[in-house]
Number of protein chains: 2
Amino acid sequence: MTTAVCARKVPRGERRRMELVDIAEQMFLERGFADTSMQMIAERAGASKETLYRHFSSKELLFVEIVTRNALLVSGPDAAVARDGSPESVLSELGIGVLRIVLAANASRLFRTVVSESARTPELGDLFYQRGPAVVAARLTDYLARAAKRGELRCEDPQTAARLFLGAVMSNYHVRRLVQSDWKPPSEKEVRRHVEAAVSMFLAQYESRRPAGRKRLACRRQSLPAW
Amino acid sequence: MTTAVCARKVPRGERRRMELVDIAEQMFLERGFADTSMQMIAERAGASKETLYRHFSSKELLFVEIVTRNALLVSGPDAAVARDGSPESVLSELGIGVLRIVLAANASRLFRTVVSESARTPELGDLFYQRGPAVVAARLTDYLARAAKRGELRCEDPQTAARLFLGAVMSNYHVRRLVQSDWKPPSEKEVRRHVEAAVSMFLAQYESRRPAGRKRLACRRQSLPAW
DNA sequence: TTCTAAGCGAACCGATGGGTACGGTTAGCC
DNA sequence: GGCTAACCGTACCCATCGGTTCGCTTAGAA
């Protein structure tokens, strides 16, 4: 079976460690940090607490490892930015990607748990922010600066612009997801509609209409029949 | 002393109860819910746990009372909206007010604590959202609708518009405050500058240029001379 | 002054959970 | 086959905490 194949390369200890961290991640995301005991993790993994403690010196360290591993998830949808396409396409693609993640059950659970624990463990919150949201903001800022240099946008302060856009995209969805655990997140359709509105507002301010006046028109026109 | 004066009207039990809830609030905001034990609250109040439990049937109920009392704080800065001034003045006043609260130490601590506990007590998060953020959003939505009716703004979907604006105003400040406990919040100057940028972006999209002006075109035109 | 509700302190209960210790068991390498 | 390190199960230690009980004291109204 696969175990045999894996065993070829990965030593026993390493393998067990990975299994454990997987199980722990699953449970932390499911039930939060405080409500998941080491005993429960060990049980579900078919392990003993001692094994758990041999691999992770404390519950906190275990959680830190999981956060580190997952924070990047938030910075996932940056393919659009990397491609350096037109502002409209880049922004809507990025916006939809970000919003999707913010609304995803797992991500919001992780975020909630990080918030809970960052009071007790400040480095944790910092780590999360630096590896997650900050990365997205930085990449968007870079893109906006490049687009401005190319003359596609007119913005003197790309950092502020990026913050405005990301804020508008997340709007109160983020908060609701965080606080109202039984809130029914918007449909994919609504998400697209919201992001479109955000993009439209952003471009109304920052797009340089120089290159060709019709660009806007096209964009507008296109959104019209859609809804 | 004041005690004598107070005693005149407020019966002993009621007085003690208020003292207790004040102390508890202070401690919950300082150290969070989980890290504050009933014993500690009683001690700092110079009370016994029994007295505490005579007034509040459980720790959770005590916290709920405190959240209820504080959530309205978030909806405080709506005087601007009530006055029905020009969009620009209303938006910037509201924006600054909201952002100030979001950045305030106490409010962000409360929010963090609510997030932590809302996993265990869903009604709590709901309560907070309904009495806090939702109120602000609703009031702004109403204002935008009125302004649109007056012809000052052109927006067909005031709810989305309100969300976009509030999101842009809070941007990532909210999240950072929540997660990076040692983050140094921006200066008053930066706050004003950010809100100004948000207002400008919002108006670029939603301000009605001229009565005759057709939708998008007019709006685009307007942003040109601005920068 | 007297009577009662409110309050105090301290001990107590039951449960939970992080972390450790130990004796027996398995996997994997030589 | 034999050796070692990782592993399992269980029991255990210790601390905390929510919540209760009880005997005694105090405040304040009649």
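**DNA strand C.** Of the atoms of DNA strand C within 4 Å of the protein, 57% belong to sugar or phosphate, and the rest belong to bases. This is a predicted model, in which local features need pLDDT of at least 70, side-chain atom pairs count only at pLDDT 80 or more, and totals for chains, interfaces and linings use all residues. Residues are numbered from 1 along each chain as its sequence is written, chains are lettered from A and ligands numbered from 1 in the order in which they are written, and side-chain values use heavy atoms, with hydrogens and water left out.

I then listed the neighbours. DNA strand C is surrounded by 20 residues. The closest are Lys49(A), Glu50(A), Lys59(A), Arg16(B) and Glu50(B). I call a residue near a strand if one of its heavy atoms lies within 4 Å of it.

Next I checked polar contacts to phosphate. The term means a pair of N or O atoms within 3.5 Å; within protein, one must be able to donate a hydrogen and the other to accept it, and residues adjacent in sequence count only if both atoms are side-chain atoms. Lys59(A) puts a polar side-chain atom 2.5 Å from a phosphate oxygen of DNA strand C.

Which elements supply the surface near DNA strand C? Helix 2 and helix 4 of chain A, together with helix 2 and helix 4 of chain B, each give at least two residues. Helices here are DSSP runs (H or I, at least four residues), numbered from the N terminus. Helix 4 of chain B has the largest share, four residues. By type, I found three nonpolar, eight polar and nine charged residues. Ala, Val, Leu, Ile, Met, Phe, Trp, Tyr, Cys and Pro count as nonpolar, Asp, Glu, Lys and Arg as charged, and the others, Gly among them, as polar.

**DNA strand D.** I repeated the search here. 20 residues surround DNA strand D, and the closest are Arg16(A), Glu50(A), Lys49(B), Glu50(B) and Lys59(B). Sugar and phosphate make up 55% of the atoms of DNA strand D that come within 4 Å of the protein. An N or O atom in the side chain of Arg16(A) is 2.6 Å from a phosphate oxygen. Tyr53(B) has a polar side-chain atom 2.9 Å from a phosphate oxygen of DNA strand D. Helix 4 of chain A gives the largest share of the surface near DNA strand D, four residues.

**Rings.** I counted 14 aromatic pairs over all chains. Rings of Phe, Tyr and Trp (its six-membered ring) pair if their centres lie within 6.5 Å; planes under 30 degrees apart count as stacked, over 60 as edge-to-face and the rest as tilted. The rings of Phe111(A) and Phe128(A) have centres 5.3 Å apart and planes at 55°, so I logged the pair as tilted. Phe111(A) is in helix 8 (residues 105-118) and Phe128(A) in helix 9 (residues 122-131) of chain A, 17 residues apart. Both Phe111(A) and Phe128(A) are buried. Buried means under 20% relative accessible area, exposed over 50%, partly exposed in between (1.4 Å probe, protein chains only).

Phe28(B) is buried at a relative accessible area of 0%. Phe63(B) is buried too, at 2%.

I also checked charges over rings (NZ of Lys or CZ of Arg within 6 Å of the ring centre and within 35 degrees of the ring normal). The charged end of Lys59(A) sits over the ring of Phe33(A), 4.4 Å from its centre. The charged end of Lys59(B) sits over the ring of Phe33(B), at 4.3 Å.

**Last look-up.** Gln205(B) lies in helix 13 (residues 188-206) of chain B. Its side chain makes a polar contact with the side chain of Ser200(A), at 2.5 Å.
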